[in-house]
Structures are given as structure tokens and as C-alpha cells.
Amino acid sequence: MDLYTLTIHELHNLLVKKEITSREVTEAVYRRIKEMDEKIEAYLMLTEEEALHQADQVDRKIAKGEEIGDLAGVPLGFKDILCTKGIRTTCGSKILEDYVPFYDGTVVRKLKEKDTVMLGKLNMDEFAMGSSTENSGFQITRNPWDLNRIPGGSSGGSAAAVAADECIAALGTDTGGSIRQPASCCGVVGMKPTYGRVSRYGLVAFASSLDQIGPITKDVEDCAILMNTISGYDPYDSTSVNVEVPDYRQSLMNDVKGIRIGIPDEYFIEGMDPDVERSVLEAIDLLKKWGAEVRRISLPHTEYAVAIYYIIATAEASSNLARYDGVKYGLRSKGYRDLMEMYSQTRAKGFGKEVKRRIILGTYVLSAGYYEAYYRKASQVRTLMRSDFEEAFRQVDVIMAPTAPTPAFRIGEKVEDPLQMYLSDIHTIPVNLAGIPAISIPCGFSHENLPIGLQMMGRHFDEGMLLRVAYTFEQNTDIHLKKPPIA
């Protein structure tokens with residue numbers, strides 16, 4: 001048995017029975033990383049010494065007969081946008097290449113308190129700006145299903161590491177689809193929680209009204225386990241919502257009888273890959289066969305989603321990234337003559353092309369004379385999109401659609417065409433604009449043996465419904481069990 005292939009719940013059961021130790025698991029995963037990551041390049045850094053120390057602490061607790069939680073001793077990977085005390089946090093950017101936070105983000109702290117083992121920090125698009133992880137300031141992560149293809153983005157390192165068994169599970173962040181889209185590309189499970197469900201304290205901001213932390217896992221049960229720990233109110237985050245967090249494992253019922261599934265006409269668009277459309281519709285037909293009710297619905301403002309997103313997200317990015325000026329922390333250029341030259345040289349050297357593009361666009365839409373025409377108008381249409389979802393959820397319990405319009409594309413295929421790259425997130429962006437939860441699960445494969453994701457969207461704070469439907473699909477199919485050829 002290869003320990004690195006197991007899930008969180010499988011490892012927990014073996015640890016409790018004392019059939020394995022956390023150190024054995026952690027060492028097995030590091031061997032796997034050393035074997036595979038030269039090809040995948042999912043990790044930006046490893047924290048092996050600290051990880052083995054954490055594993056040994058859990059093993060001592062077990063040896064003493066102490067009770068351990070579901071995540072104790074489980075090796076996880078962290079997207080390198082989450083602040084980790086004493087460990088570099090780069091956001092995939094040269095401007096933060098040597099930045100070492102003095103505190104843990106709330107989610108990192110919560111997981112440490114549950115005795116998880118942190119393997120290292122995972123690669124990402126710079127400041128989470130991208131759909132392919134080709135915008136990292138350090139390396140290009142590759143898809144374990146085809147090393148010539150992208151793993152998705154911006155949490156591409158997280159999704160690729162989970163798919164390649166280079167960690168048991170991982171955390172990512174989702175601003176416009178950056179958990180769900182790479183999960184779809186890599187054939188794993190990825191959940192974007194309701195905005196406000198998970199604390200953003202310690203998450204380096206890209207677009208503050210859109211960003212959300214979530215799990216990327218090998219199966220739905222692991223997703224529920226991680227959600228149980230990372231969810232909850234945090235007074236350090238002003239956008240955190242103080243609502244009760246249920247036990248998500250109680251939602252894992254193999255039953256969809258009577259659940260109303262909505263199929264939005266606007267998501268099945270011209271130009272969608274035929275394998276994607278076929279796989280998603282076949283998955284929905286299976287759920288209907290098992291007792292779900294399926295009906296057509298409309299989300300009429302969907303066509304404006306990409307335009308609205310790239311106005312709001314870039315405007316917020318322009319504001320958030322103004323702090324990287326070479327004065328307080330991060331990179332500082334040398335050889336400047338005055339303050340303004342230091343600013344310009346630092347940002348020119350530290351930021352990549354995509355980040356600069358979004359800062360310029362965001363600054364433009366916020367500038368005098370254009371704020372009313374662009375940003376205010378975009379905010380108004382965003383409100384209409386939220387109303388579309390509210391109306392739809394009066395008719396249905398879950399909305400289903402493809403996660404992405406195509407399987408993973410080839411590395412370099414869309415780098416020179418930003419608009420085509422932006423359209424990769426056309427199916428995921430509306431969820432972030434509305435602040436609702438969504439999950440992507442594997443539902444099939446293309447004729448080139450590339451994974452395809454089924455996206456399920458739910459009401460605010462109703463992650464449990466999504467987990468129930470996803471679990472039912474998973475338990476009655478074997479799609480999620482298929483491993484990449486590289487394995």
C-alpha cells in the first residue's frame with residue numbers, strides 16, 4: 001500500500017488503529033514529492049524538518065493513548081498566498097520573494113491547532129492572477145494527466161499536487177474560479193465556500209470582495225472534513241459572517257431523491273468542448289435517474305459576468321497592490337535617484353506582465369471620469385447577477401453546469417491572448433460575484449483522457465447540500481478513482 005495515495009479519512013482510521021504512524025506517512029509523501037516534482041513543479045518550497053517534527057508530535061499523542069482529530073498527522077500542502085509564520089510567503093511573485101510573515105493566517109492557525117502536517121508552499125499564478133499557473137514568477141506547474149498541459153489556475157500547484165499524490169489534500173483560494181477550475185483540469189474535488197464562511201485573515205489580498213479560501217481534495221468526504229475545520233467566524237476578518245457551522249460530514253448522504261437541480265441555459269454556450277457538454281449532461285442524467293428533479297432555468301445576466309469581474313477584480317487589485325512600493329516590505333530596487341524612481345523601478349522589476357496589466361486596468365476604471373462609467377455600473381450589474389441567483393434558488397436547490405468550457409489546454413496556448421485566457425473562467429466567475437458556494441467534482445474524461453469537472457452551485461451558506469449531491473454522484477460512480485498516467 002502506497003501511503004501517499006490515501007485520503008484523509010483513510011489515513012485517520014489507520015493512525016487511530018496504530019497500523020501506521022504520521023512520520024511514515026509524511027516520509028512517504030516526501031519521497032513521492034522528490035520522485036515526481038521535478039516533472040510537476042507543484043511546490044515552491046518544502047518544510048520537511050518542521051513537518052517531520054509535527055508528525056512526531058502526533059505519533060507521541062497516539063502512543064500515549066490520547067484522542068486525535070480527523071486531520072491530526074495528515075500531510076497537507078498550502079497555496080503560497082496564505083501567511084505562514086516564519087516561512088516564506090511569496091504569492092508567486094518576485095516582489096515578495098524574501099517575505100517571511102510574523103504570523104499565521106487564521107486558516108493556517110486552525111489547521112495547526114488540529115495537528116496537521118504542513119509539507120510546504122505550493123506554486124500559483126502571481127497574486128492569484130491567472131487561469132493556468134503560467135503567470136507564476138518562479139516556475140510553470142504541469143498537469144499530471146499530461147505534462148504538456150496547464151493544471152489550471154491560480155491554484156494550479158495545489159490541484160496538481162493533490163492529483164499527483166504529492167500531498168493528501170491542499171488549500172487553495174478562489175477569486176474567479178481558482179479552486180474549481182484547476183480541480184476540474186486535474187480531476188480532483190475543489191470547493192469555493194460562501195463568501196464570509198472562511199476567514200480571509202492572513203490571505204494576501206487580490207480582490208477583497210471576491211477572494212475565498214477553500215479545500216482541494218481527492219474525494220468529497222475529505223472536502224467535508226477540511227471544511228469543518230477551516231469554516232467559522234473570525235473577529236480578525238471584517239468580512240467574516242457569524243453564522244453557525246454545521247458538521248459537514250453529516251451532509252454526506254447517498255441520496256438525492258427530491259432534490260431540485262437547475263440547468264442554466266446560459267452556461268451551455270457555443271464553442272463549448274463537446275466532450276465537456278456530453279460528460280456534464282450524462283452526469284446530470286444519472287442524478288435524475290437516482291431521484292433528483294431536473295429543470296431548465298435562466299440566469300439572464302451571465303453574459304456580462306466576465307466584463308463585470310474584470311472591472312471589479314482589477315479595481316480592487318489596483319488598490320490592494322498599491323502597498324508593494326519598496327518602502328515597507330518586499331523587494332526594493334537599487335540605484336534609484338529619488339522616491340518616485342524607487343517606486344517605479346521596484347514595481348517594474350517585482351511585478352510580472354499579467355499583474356501590471358491588471359493594475360493598469362484597475363487604476364483606469366477607478367480614475368476620475370471613468371469611475372461612474374465603469375466601476376459603478378459594474379457594481380450595479382453585479383447586484384442584478386445576485387438577484388438572478390436568488391430567483392433561481394426559489395425554484396431549485398442546486399444549479400449544475402460545466403466547471404470550465406474545455407479540458408486543460410496546452411502550456412503556452414493562450415499566453416499571448418489574454419481575452420481567451422480570461423474566458424477560461426466564464427463558468428466560475430458568476431459564483432464569486434454572487435458570493436455563493438460551489439464545488440467541482442470529476443464527472444468524466446475527454447477523448448484525450450483529460451479530466452472534466454461538473455460544477456454545482458448552491459444557496460448562501462448551504463455547502464452541505466452541495467456536498468450531499470456531490471457525495472451521491474461520487475459514491476455511485478468510479479470516475480474519481482482513476483489516476484493520472486504519470487502515477
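**Cysteines, cavities and cores**

Author: C91 is buried, at a relative accessible area of 0%. Buried means under 20% relative accessible area, exposed over 50%, and partly exposed in between (1.4 Å probe, protein chains only). This is a predicted model: local features need pLDDT of at least 70, side-chain atom pairs count only at pLDDT 80 or more, and totals for chains, interfaces and linings use all residues. Residues are numbered from 1 along each chain as its sequence is written, and side-chain values use heavy atoms, with hydrogens and water left out.

Reader: How many disulfides does the structure hold?
Author: A disulfide is a pair of cysteine sulfur atoms within 2.5 Å. The structure has zero. For C91, the nearest cysteine sulfur belongs to C83, 7.2 Å away. For C223, the nearest is that of C167, at 14 Å. C223 is also buried, with 0% relative accessibility.

Reader: How do I read cavities?
Author: Rolling a probe the size of a water molecule over the atoms shows where empty space is left. A cavity is a set of points, on a 1 Å grid over the protein atoms alone, where a 1.4 Å probe fits but cannot get out; lining residues have an atom within 4 Å of a point. The whole structure has three cavities of 30 Å³ or more.

Reader: Which residues line the largest cavity?
Author: Q181, C185, A404, P405, T406, P407, F409, K414 and S424.

Reader: And the nonpolar core?
Author: In soluble globular proteins, nonpolar side chains tend to be buried together. A nonpolar core here is a set of buried Ala, Val, Leu, Ile, Met, Phe, Trp, Tyr and Cys residues joined through side-chain atoms within 4.5 Å. The largest has 149 residues, and F127, M400, I439 and M456 have the most contacts inside it. Helix 9 (residues 305-320) gives the most to this core, ten residues. A second, separate core has five residues, including I150, A408, F409 and M421.

Reader: What does M400 contact, leaving aside neighbours within four places in sequence?
Author: Contact means heavy atoms within 4.5 Å. Among the partners of M400 are I261, F268, L454 and V469.

Reader: Is D70 buried, exposed or partly exposed?
Author: Partly exposed, with a relative accessible area of 28%. Leaving aside neighbours within four places in sequence, D70 contacts I8, H12, I225 and R249. D70 and Y370 lie 300 residues apart in sequence and 51 Å apart in space, C-alpha to C-alpha.

Methods. 1 Å grid on protein atoms, 1.4 Å probe; cavity = no way out; pocket = protein on both sides within 12 Å on 5 of 7 lines; lining within 4 Å. Points joined across faces, edges and corners; volume = space filled by probe spheres on them. Helix = DSSP H or I, 4+ residues; strand = E, 2+ residues; numbered from the N terminus.
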